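Dear colleague,

I am handing over the structure we spoke about, and below it you will find my notes on what came out of it. Please read them with the structure open beside you.

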Amino acid sequence: MGAKVGSTKPAVGADELAVLRAIVEGTAQTTGDDFFRALVRNLSIATGAKNAFIAEFADSKTRVRTLAFWVDGECVANQEWDLAGTPCEEVLSGTLCHYPAEVEKLFPKEVGVESYLGVPLRDSGGCILGHLALFDRRAMPPEPRLLYTFEIFAARAAAELGRIRMLEQLRQSEERFRDLFDEAPIAYVHEDLESRFIRANRTAMRILGITPEQVTGTVGMSFIPDTPDAQRRVKEAFESIGKGTDTGGVVLELRRKDNGQPIWIQWWSRPDPGGQFTRTMFIDITERVLMEQEQARLKAQNAYLLEEIRADHNFDEIVGQSVALRMLLSHLSRVAETDATVLIQGESGTGKELVARAVHSGSRRADRPLIKVNCAALPANLVESELFGHEKGAFTGAIAKRIGRFELADGGTIFLDEIGEIPLDVQVKLLRVLQEREFERIGGTRPIKVDVRVIAATNRNLLEAVAGKAFRDDLYYRLNVFPVRTPPLRERLEDIPALTTHMVAKFASRIGRKITSVSDASLARMQAYRWPGNIRELENVIERAVILADGPELEIDPDMLPGSHDSSESERISKSSSMHRLEAVEREHIETVLTRTRGVIEGPQGAAKILGLNPSTLRFRMKKLGILSGHRTASSGEG
């Protein structure tokens, strides 16, 4: 039976040293597979053993494969075998193993093998990497010089095997880092101190529009557009690098190399510790920058439109100085600055939407949206969805969530035109908004709070609709907080000259005509007409007349006013009748104001102040209209 033996260092003579030197020199100039083949050949020569091999673990600790195999004077193909039942199993348990003879008896698998010598190969940390072994058909006595020589070769083999393992680990590590660099979703670039690219990953190449062949030598500054802001930003960024400090997410504007399209990046860079290049990374923020630019544009556009609306739809656009109109404007100026619900009633074409815009424009919500809903124009089954919105899948056809008009008007004003056309089932929800300031979308499960001022308008008699059960009485009283009436044009005939002048200027400018005046006969004819279509009809007549005009003075042909007569007597009678009607309206208005002021004419709370008249002028009008009797005509404080 063989024996495991240790080794001692014998005295080495000159001949042995010469042999060892020759062996060492024979393997000194080779590495890798060549080294291992030279090693086992020289080991066989030095020891006299016919066979030698160096092996490493295969796929597991129970199997080995050779790296070089010397058999009977030549290198043969490498082999693999299981360790069980072989002397190699004992070697790889961690000890030098020497069987001088009878190996085949001890290990029947080793046919024809008489002796065996093996030693484990360890790395610098003591971990077993494989083993070096000799075997022969002859006995192999345990001579000290044999063991000493064998250990020298084993040390050299272990060092090379460790070196190869380390190189492989470095290769794998480098490959992993290369993959991380090349495939990273963030762009990475290495640049020299002159901003020339040394290396760039795929993300960087995609963002910058360059190919792998264009990377080396590309100058980073070539991507910067020649604009003052872009040049300033990059100058500041490079100055920070020159000071040895990190950049902190600088936003730079670039131009792609392939198509010149603008891109924006957020850029970080820091110098390499050796100071020979910079390591740069950046992310593409083009979509974010474009979105912010679009938001800024829309914000500016919205501010412009709001300003335009205020300019086009304020009190100044309500043209006229009639008593009826001045009374309306007086009411609007008072209610506009509050949040009270306003109910505008009046015939079609009397400017109810313009009144709603004037109220909104004069309110604290003027910089918020005014959302208009024409209730009469909506199908009955869509009114609720239009006002309050719906969730996706709330009903057939609801393929996406819809935001309702009340939600859009949050913080602003909603104008419900033709409120009398809303179905009864929707009126319940509308009442809830007015009472609770909340609603639910169709298909929704949670209430949505809103802060909305409601202005409603109708040309119907809502009280009659309430009596006929077509309109809820509780909703009516919620809407009727501050009712205002838009007077029909027949009640403000003295405003026709001013309205005509205003409309002529608007349509003449639009069409490109130069009209400087309106004939007296045309104005008299228009003031004699009853205008069943109100302001809307007047607009149509003026526009048609401007289109047909032949000179600088506008003529309104009698045919444009159905039922009008061209006789002076008829015009005189009509004008007289109109004057009587106007006097009646004026008398009623003055009496209403005097009642409110308890007969006080002068002073900051007097009737003259409210009507915008001089006190003496008001007294003259009262005397002419016969309303002095029964009213106090003294200034505030008189009896």
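A residue is called buried here if its relative accessible area is under 20%, exposed if it is over 50%, and partly exposed in between, with a 1.4 Å probe and protein chains only. Helices (H or I, at least four residues) and strands (E, at least two) are DSSP runs, numbered from the N terminus. This is a predicted model, in which local features need pLDDT of at least 70 and side-chain atom pairs count only at pLDDT 80 or more, while totals for chains, interfaces and linings use all residues. Residues are numbered from 1 along each chain as its sequence is written, and side-chain values use heavy atoms, with hydrogens and water left out.

Helix α10, residues 323–336, has 14 residues and reaches 20 Å from its first C-alpha to its last, close to the 20 Å expected at 1.5 Å a residue; the expected span is 1.5 Å times one less than the number of residues. Its buried residues are Val323, Ala324, Leu325, Leu328, Leu329, Ser330, Leu332, Val335 and Ala336. Just after α2, glycine 48 takes a positive phi of about 80 degrees.

Next come the strands, where two strands are taken to pair if DSSP finds at least two bridges between them. Five strands form an open sheet with parallel pairing, in the order β14-β17-β20-β13-β21. Strands β14 (370–374) and β21 (482–486) stand at the edges with a single partner strand each, so one side of each is left without a neighbour in the sheet. From one strand to the next the twist averages 20 degrees, with axes being lines fitted to C-alpha atoms and angles running from 0 to 180 degrees between N-to-C directions. Strand β13 (residues 342–346) is joined to β21 by five bridges, and the two run parallel; within this pair, isoleucine 344 has valine 484 of β21 as its bridge partner.

Strand β8 (residues 187–192) has antiparallel partners. Five of its six residues are buried, so β8 is largely enclosed by the rest of the structure. It pairs with strand β12 (residues 277–284) in the antiparallel sense over six bridges, and aspartate 192 has phenylalanine 277 of β12 as its bridge partner. Three bridges join β8 to strand β9 (residues 197–200), again antiparallel, and here glutamate 191 stands opposite phenylalanine 197. β8 and β9 form a hairpin with four residues between them, and serine 195 in the turn has a positive phi of about 70 degrees.

I then looked at salt bridges, each defined as a side-chain nitrogen of Lys or Arg within 4 Å of a carboxyl oxygen of Asp or Glu. By this rule the count comes to 31. In one of them, glutamate 384 and lysine 429 have their closest N and O atoms 2.9 Å apart. Glutamate 384 lies in helix α12 (residues 383–388) and lysine 429 in helix α14 (residues 424–436), so the pair ties together parts that are 45 residues apart in sequence. Glutamate 384 is partly exposed at 23% relative accessible area, and lysine 429 is partly exposed at 21%. Another salt bridge links glutamate 102 and lysine 105, with the closest N and O atoms 3.7 Å apart; here glutamate 102 is partly exposed at 31%, whereas lysine 105 is exposed at 68%. Arginine 472 and aspartate 474 form a further salt bridge, with 2.8 Å between the closest N and O atoms. Finally, Asp339, Arg364, Arg365, Arg437 and Asp451 are linked in a network of salt bridges.

One last residue deserves a look. Tryptophan 531 sits in the loop between α18 (520–528) and α19 (534–548), and it is buried, with a relative accessible area of 0%. Tryptophan 531 is 40 residues from glutamate 491 in sequence, and the C-alpha atoms of the two are 9.9 Å apart in space.

With best wishes
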